[in-house]
Amino acid sequence: MKTDRLLGIIIHLLNHDNVSASRLAERFHVSVRTIQRDMIGISAAGIPVYSVNGRFGGYSILPEFKMKNIDIRSGEQQMIVRALESLATSYSNDTLNSLIEKYNAIIEREGGRKVFWDFSVTKENQRVQGLNAALESAISDRRCIAFDYRNAAGRESRPHVEPLAIHYKWYAWYLFAWSEECGEYRTFKVARIRNLEVSERRSRIDHGDVEQRMKESEQAYYRTCIDIEVRFPAGDAPLMEEYFPDCPMERLTEDTGRIFIRVPAKERLWKALLLSFGDRVTVVGPEAYREELKETARKFLSNYDI
């Protein structure tokens with residue numbers, strides 16, 4: 001533990017010009033006196049640490065002392081750290097934050113930033129972030145879990161599953177788990193999980209390559225996809241290309257275009273997106289999907305006496 005703290009202090013000083021003992025004590029959850037003793041140990045190990053007295057004083061490492069990464073070019077280094085920092089805007093994880101700080105200590109920052117990412121708009125609320133942390137811990141310990149769950153159709157249940165992975169897609173976090181009761185792999189949206197309970201029971205099932213199990217499960221899900229035929233004014237072709245870049249599109253007449261959107265039949269995100277276009281699109285088929293959209297629109301309007 002002490003070795004980890006000393007390494008953490010060195011990395012923190014490499015990334016900051018001047019850090020007070022009290023700030024370091026707060027960051028590493030120790031006393032100021034312990035930080036002072038750590039500084040003596042760091043100096044004895046040959047790291048050029050010096051202190052500045054006064055109100056704005058603190059500890060620093062000589063600017064000449066710099067770790068370098070000789071295997072990755074500067075531009076690649078910048079891209080990696082930018083990607084890590086952007087991931088941190090959408091995912092709360094102490095290990096990730098520590099990794100970013102360590103990598104910042106290794107790379108050379110030259111030429112300023114050229115590429116900016118910000119995924120903070122995708123960041124789930126604090127409750128979901130807390131659930132992610134609890135699920136990560138359960139996955140690491142191979143502990144089974146139970147929770148209250150309400151699916152997209154409003155059906156409530158309390159699954160008892162073995163958590164295998166959490167993953168991010170469709171602008172939300174999902175839990176991939178094995179349900180012994182159902183005898184199948186299942187996916188749950190983390191935001192819909194309530195009253196999570198981590199069991200003392202540990203799983204002894206060998207699931208092999210979990211990533212491969214996830215791909216197989218996803219392929220089975222996508223086999224439920226349908227092709228939705230949507231027609232739109234020809235002038236809106238650039239808009240359709242923006243939202244559905246990989247979907248086949250054709251010009252029917254001088255004024256009308258057509259696009260086929262392949263989506264999971266039960267995925268509500270696509271229904272919401274299509275409805276958001278208002279009268280700029282017309283869903284031609286399948287007929288059942290078209291009727292679902294019309295019923296959704298009627299229910300929405302019924303709340304406004306229209």
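Which residue of β6 is the bridge partner of K169? The partner is A172.

## Basis of the model

This is a predicted model, in which local features need pLDDT of at least 70, side-chain atom pairs count only at pLDDT 80 or more, and totals for chains, interfaces and linings use all residues. Residues are numbered from 1 along each chain as its sequence is written, and side-chain values use heavy atoms, with hydrogens and water left out.

Helices (H or I, at least four residues) and strands (E, at least two) are DSSP runs, numbered from the N terminus. Two strands pair if DSSP finds at least two bridges between them.

## Strand β5 and its partners

β5 and β6 run antiparallel and are joined by seven bridges. Strand β3 (residues 143-150) also pairs with β5, in the antiparallel sense, over two bridges. There, I145 stands opposite V161 of β5.

Eight of the ten residues of β5 are buried, so the strand is largely enclosed by the rest of the structure. Buried means under 20% relative accessible area, exposed over 50%, and partly exposed in between (1.4 Å probe, protein chains only).

## The largest pocket

The largest pocket has a volume of about 1,200 Å³. Of its 37 lining residues, A152, R192, Y221, K266 and E267 are the closest to its centre. On a 1 Å grid over the protein atoms alone, a pocket is an open set of points where a 1.4 Å probe fits, with protein on both sides within 12 Å along at least five of seven lines; lining residues have an atom within 4 Å of a point. Grid points are joined across faces, edges and corners, and the volume is the space filled by probe spheres set on the points.

β5 (160-169), β6 (172-179), β7 (184-189), α7 (210-222), α9 (268-276) and α10 (287-302) each supply at least two lining residues. By class, the lining has 15 nonpolar, six polar and 16 charged residues. Ala, Val, Leu, Ile, Met, Phe, Trp, Tyr, Cys and Pro count as nonpolar, Asp, Glu, Lys and Arg as charged, and the others, Gly among them, as polar.

## R213 in helix α7

R213 lies in helix α7. R213 is buried, with a relative accessible area of 18%. Beyond its neighbours within four places in sequence, R213 is in contact with F176, Y185, H207 and G208. Contact means heavy atoms within 4.5 Å.

## The four-stranded sheet

An open sheet of four strands runs in the order β10-β11-β9-β12, with antiparallel pairing. β10 (249-251) and β12 (282-285) are the edge strands, each pairing on one side only. Neighbouring strands are turned by 30 degrees against each other on average, direction ignored. Three bridges join β9 (residues 225-233) to β12. R231 stands opposite T282 in β12.

Two helices lie across strands of this group. α10 lies across β9 and β12, at about 145 degrees to β12. Axes are lines fitted to C-alpha atoms, for helices over the stretch in contact, and angles run from 0 to 180 degrees between N-to-C directions.

## Backbone exceptions

Most residues other than glycine have a negative phi, and most peptide bonds are trans. R142 has a positive phi of about 60 degrees. R142 is in the loop between α6 (126-141) and β3, and is partly exposed at 35% relative accessibility. N195, in strand β8 (residues 193-202), has a phi near 50 degrees. N195 is exposed, at 55%.

A cis peptide bond joins G285 and P286, with omega about 5 degrees. P286 lies in the loop between β12 and α10.
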